Amino acid sequence: MILKINKIYNFDCFEFLKNIKEKSIDLAIIDPPYNMKKAKWDTFKTHKDFLEWTFKWIDLLIPTLKNAASLYIFNTPFNNAYILQYLVNNGLIFQNWLTWDKRDGLGTSTTKYTNGQESILFFTKNKKHIFNYNDIRVPYESTDRMKHAEEKGILKNGKRWFPNKNGRLCGEVWHITSERHKNKINGKTQQNEHIASKPFELIERIIKASSNKGDLVLDCFVGSGTTAIASKKLERNFICNDFDKKYVDLSNKKLEIL
Ligand SMILES: C[S@@+](CC[C@H](N)C(=O)[O-])C[C@H]1O[C@@H](n2cnc3c(N)ncnc32)[C@H](O)[C@@H]1O
């Protein structure tokens, strides 16, 4: 069975990935369980079990990627340290370790620094890949130096440099408020539609940077549908999946009203 595009499937990730055509995916955005015990699906007996399970879906994912494909994997920095090594050992090319500063805190630890970040690994299948850096520029920090540069330019290597009017090149640390924090009312956390939904802005940045219109984006843990929705809005094709029917229905409902 080969799955059709622009659909959200309701399979276990292994079943889903086994039915994706080889070398058909331009961009994979994977936001899997983190083993943080936040839900049944996020709970594994041991860290070893979690890693074995993670490496199994990675093994099925790699053959689906086109030669010029990009792959992004979300996780805690600790887990991503292991995942990074596995991807390198499997011949993928490391591009960036992205730090997502969630503008929120996950814990209240007094024995170490509080957690406020997640990490995103950016890998490609080959050295030759798409990277639309101009489509993801971010605003310059407004400083006196920048004001001066806008008016008169700054002398660099004998040439006068003026800031790009669309902003600076995007760096590796992304300051994007989490959905959890955004939706708080009077500082109180609310019940969100999904406990781990990612901000639209974050997924949008990945899609704009690492794909072109008409490309095929894969997400095997789509949750509240962010990847499918952002792909459709940005005129990319998508093929997504979640093993919880409730989330597949929720995502489809959101897609319908786009
Ligand atoms: C971290 S959440 C993804 C959130 C998503 N990025 C969003 O923006 O809403 C992980 C999702 O993976 C799904 N999931 C967990 N284990 C799975 C499995 N074995 N196969 C398919 N889906 C799974 C869960 O139902 C959950 O919705």
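**Around the ligand: a short tour**

Hi everyone, let me start with Phe243: one of its backbone N or O atoms lies 3.2 Å from a nitrogen atom of the ligand, a polar contact in the sense of two N or O atoms within 3.5 Å. The protein covers 98% of the 600 Å² of accessible area that the ligand has on its own, by the Shrake-Rupley method with a 1.4 Å probe.

Before going on, this is a predicted model, where local features need pLDDT of at least 70, side-chain atom pairs count only at pLDDT 80 or more, and totals for chains, interfaces and linings use all residues. Residues are numbered from 1 along each chain as its sequence is written, and side-chain values use heavy atoms, with hydrogens and water left out.

Now to the side chains. His194 has a polar side-chain atom 2.7 Å from a ligand oxygen atom, while for Ser224 such an atom is 2.6 Å from an oxygen atom of the ligand.

Who else is there? In total, 23 residues surround the ligand, and Asp31, His194, Ser224, Thr226 and Asp242 are the closest; near means a heavy atom within 4 Å. By type, the shell has 12 nonpolar, 6 polar and 5 charged residues, with Gly counted as polar.

Finally, the chain overall: the domain assignment, automatic or from a database, gives domain 1 (7-130 + 172-256) and domain 2 (138-170). Their centres, taken over C-alpha atoms, are 34 Å apart.

Technical notes
A polar contact is a pair of N or O atoms within 3.5 Å; within protein, one must be able to donate a hydrogen and the other to accept it, and residues adjacent in sequence count only if both atoms are side-chain atoms.
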